[in-house]
Amino acid sequence: MNNPQLDADGRLRHLLSIEGLPKKILNQILDTAESFVGVAEREVKKVPLLRGKTVCNLFFENSTRTRTTFEIAAKRLSADVISLNVNTSSQSKGETILDTVDNLIAMHADMFVVRHAQSGAAHFIAKHVPNHIHVINAGDGRHSHPTQGLLDTFTIRKYKSDLHNLRVAIVGDVLHSRVARSEIHALTTLGVPEVRVIAPKTLLPAQVEKLGVHVFHDMKAGLKDVDVVMMLRLQNERMNGAMLPSAQEYFKTYGLTQEKLSLAKPDAIVLHPGPMNRGVEIDSSVADGSQSVILPQVTYGIAVRMAVMAILAGGG
Amino acid sequence: MKIHIKNGRVIDPKNNLDSNLDVFIAAGKIVALGQCPDNFVANQTIDASNLIVCPGLVDLSARLREPGDEYKATLVSELQAAVAGGITSLACPPDTDPVLDEPGLVEMLKHRAKQLNLAHVYPLGALTRQLQGKILSEMGELREAGCVGFSQANIAIADTQVLWRAMEYAATFGFTLFLHAEEPFLAKDGVAHDGEIASRLGLKGIPSAAEALALASILRIAKETGARIHISRLSTAEGVEMIREAKKHNPNISCDVSANQLHLTEHDIGFFDSNCHLKPPLRTQRDKEALSAGLKDGTINAICSDHTPVDDDAKLAPFAEAEIGATGLELLLALTLKWAQQEKVSLLEAIALVSQSSAQILGISAGDLSSNSDADICIFDANEYWKISTDTLKSQGKNTPFSGLEIAGKVKVTLVHGQVVFKS
């Protein structure tokens with residue numbers, strides 16, 4: 001089976017998921033991102049790599065943070081940016097995804113940043129665009145959110161020098177999380193020796209251990225001696241129902257408090273992809289505490305997204 | 001019209017026959033095998049040298065999309081596809097639009113199919129009105145209109161009280177129920193087998209337990225009511241084991257497997273190939289092997305095509321939104337032969353699984369080459385390879401996970417009622 005993300009020479013053509021990408025390409029993206037971190041600190045926050053190119057943010061599902069950071073990333077690369085919120089209601093009026101995409105191609109878009117509620121949507125679009133157009137997955141259903149996985153890894157690299165010597169715990173709703181899947185693949189591909197997932201059985205997908213993770217249901221056992229804690233967002237609609245009895249009980253068992261965090265290594269860092277539910281999955285004192293790197297994640301997110309766009313456009 | 005099929009290797013599982021014989025047909029019937037009857041002068045001679053002559057295939061599940069979904073397929077296109085695949089009789093599930101819960105609809109379908117003079121169509125009537133699983137359909141009237149059995153298509157009856165009554169009522173009159181075993185709550189919104197691949201791709205899963213739970217209810221109620229039950233499209237290893245066990249005590253149970261499940265697993269979904277969005281979902285290698293073993297030991301009685309033509313647009317969507325189904329009529333023979341070859345099953349036994357055995361389940365007179373039976377015959381080249389593609393398929397549904405595959409088993413001539421209805 002051909003890897004739809006790579007061209008015939010093994011270069012990145014689309015960024016659709018972390019799974020299937022060789023370590024070399026992940027490192028190339030992270031190293032390139034390193035060189036873009038400084039751009040934001042300059043007086044003129046721009047480089048001309050994507051000048052004359054049109055980047056189209058195509059969001060079939062709502063997002064503020066991801067869309068904004070992609071927009072900023074494209075603008076810092078001097079691209080022209082269009083952002084479209086194609087909400088599902090206009091979809092149900094009849095226009096198919098491909099019709100929407102075809103119209104934008106007719107307007108000479110060069111790159112699509114796509115978010116969609118269905119797993120596989122970015123692969124689907126990538127399969128149907130002409131050769132010269134690049135697709136970046138900004139989140140498809142529960143499947144993948146590769147730039148988030150990359151920016152989390154980039155953040156970890158910034159704080160922890162050696163990935164080959166880390167114990168990382170991912171905590172929360174892994175079942176519904178494209179972020180968790182991307183983090184797992186990024187970390188395991190880059191050689192992190194121990195990735196743990198901590199969650200109740202209702203929030204873990206079938207055979208999750210086959211993704212190469214160690215499964216814990218007890219927060220205290222799972223956090224013991226870890227170097228990195230990656231919290232996941234718990235969607236409101238999962239809080240009361242057959243998945244979980246209540247947000248309170250969830251916080252009590254799986255919410256990250258200072259007390260639980262103290263079981264991790266003293267220099268452990270805490271990540272969260274945002275937006276946070278304070279008091280549900282994470283206590284404010286942790287979110288705003290000294291071990292939190294949640295805001296640096298956002299900053300680095302722009303550099304990582306710049307790197308991906310630059311590499312796709314051939315300027316990496 | 002008298003036809004002489006000469007020099008072919010005749011395989012007729014019902015009569016345990018596999019030898020080089022000539023077949024003589026007159027007035028739509030097989031009049032002799034081997035010896036030419038006295039005074040027989042053929043109007044037409046078909047040379048079947050190096051070819052296999054077998055009963056026309058009988059398919060237990062083929063959607064024709066009429067009435068209602070003619071943009072997906074029509075009776076003409078799909079019955080042409082059937083005979084191009086060597087299928088001369090087929091059962092169609094009731095999930096048309098409107099559903100087959102009215103005798104008038106069934107009569108019309110039968111009538112139109114008959115006029116086309118291609119494959120015979122045997123409708124399965126809706127077991128409950130509108131397939132809603134609440135009120136029984138008029139099974140007696142539907143039977144008179146031509147239904148050979150009753151089915152819920154892919155829609156399960158959630159209410160076990162209704163399931164029980166439906167079986168009791170059907171048992172009263174000796175009707176066969178064709179049921180797809182899937183517990184609807186566990187399977188809700190699921191699009192792929194709940195396992196490693198669905199977890200990786202972030203697709204909502206349908207656990208194997210959904211089949212096992214539904215089977216447990218069906219088999220238990222079948223035992224209680226004495227109803228004749230055919231389980232359509234078994235998909236799990238556990239399901240095979242449950243049927244094997246149930247058959248020891250209940251002779252009124254039969255079941256089939258789709259040709260898709262015999263060859264494909266969850267891994268074939270690859271990068272979200274929407275052609276692999278099927279019902280039941282493609283499961284694991286272990287399930288596939290158990291289904292194969294079940295076929296070999298007789299636990300599973302037949303192979304069906306599960307033909308479900310889908311228009312191209314309906315497949316042009318992300319995996320979960322793409323419509324369920326794949327074309328199958330023209331692949332049934334070749335996929336059965338491929339399975340038989342892989343599993344070292346004789347041609348005679350393999351052909352039985354798509355002819356004699358299916359006919360027996362439907363209770364129709366077909367699927368054999370006995371003297372004086374209807375001359376519904378398939379003549380094929382077991383060794384000729386052909387490529388499965390949009391160009392080679394006659395069905396209006398072109399979508400199949402097997403697209404691009406070169407496969408052995410090419411139908412050369414199909415006869416229905418002693419008339420050549422297809423010739424390649």
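## Helix H2 of chain A

Helix H2(A) covers residues 65-76. Its twelve residues should span 16 Å at 1.5 Å a residue, and its end C-alpha atoms are 16 Å apart, which agrees. The expected span is 1.5 Å times one less than the number of residues. Helices (H or I, at least four residues) and strands (E, at least two) are DSSP runs, numbered from the N terminus.

This is a predicted model, where local features need pLDDT of at least 70, side-chain atom pairs count only at pLDDT 80 or more, and totals for chains, interfaces and linings use all residues. Residues are numbered from 1 along each chain as its sequence is written, and chains are lettered from A and ligands numbered from 1 in the order in which they are written.

## Its buried side

Thr66(A), Thr69(A), Phe70(A), Ala73(A), Ala74(A) and Arg76(A) are buried in H2(A) (20 or more other C-beta atoms within 10 Å of their own, with C-beta atoms placed from the backbone). They cover an arc of only 165 degrees around the axis, which puts them on the same side of H2(A). The arc is that of the directions from the helix axis to the C-beta atoms. Their cover includes strand S1 (54-59) and helix H12 (294-312) of chain A. Ser78(A) follows H2(A), with a positive phi near 70 degrees.

## The sheet of chain B

Eight strands of chain B form an open sheet with parallel pairing, in the order S6-S7-S8-S9-S10-S13-S14-S15. Strands pair if DSSP finds at least two bridges between them. S6 (57-59) and S15 (302-304) are the edge strands. Three bridges join S6(B) to S7 (residues 87-92) of chain B. Asp59(B) stands opposite Leu90(B) in S7(B).

Note on methods
Buried ≥ 20, exposed ≤ 12 C-beta atoms within 10 Å, placed from the backbone. Contact = placed C-beta atoms within 7 Å.
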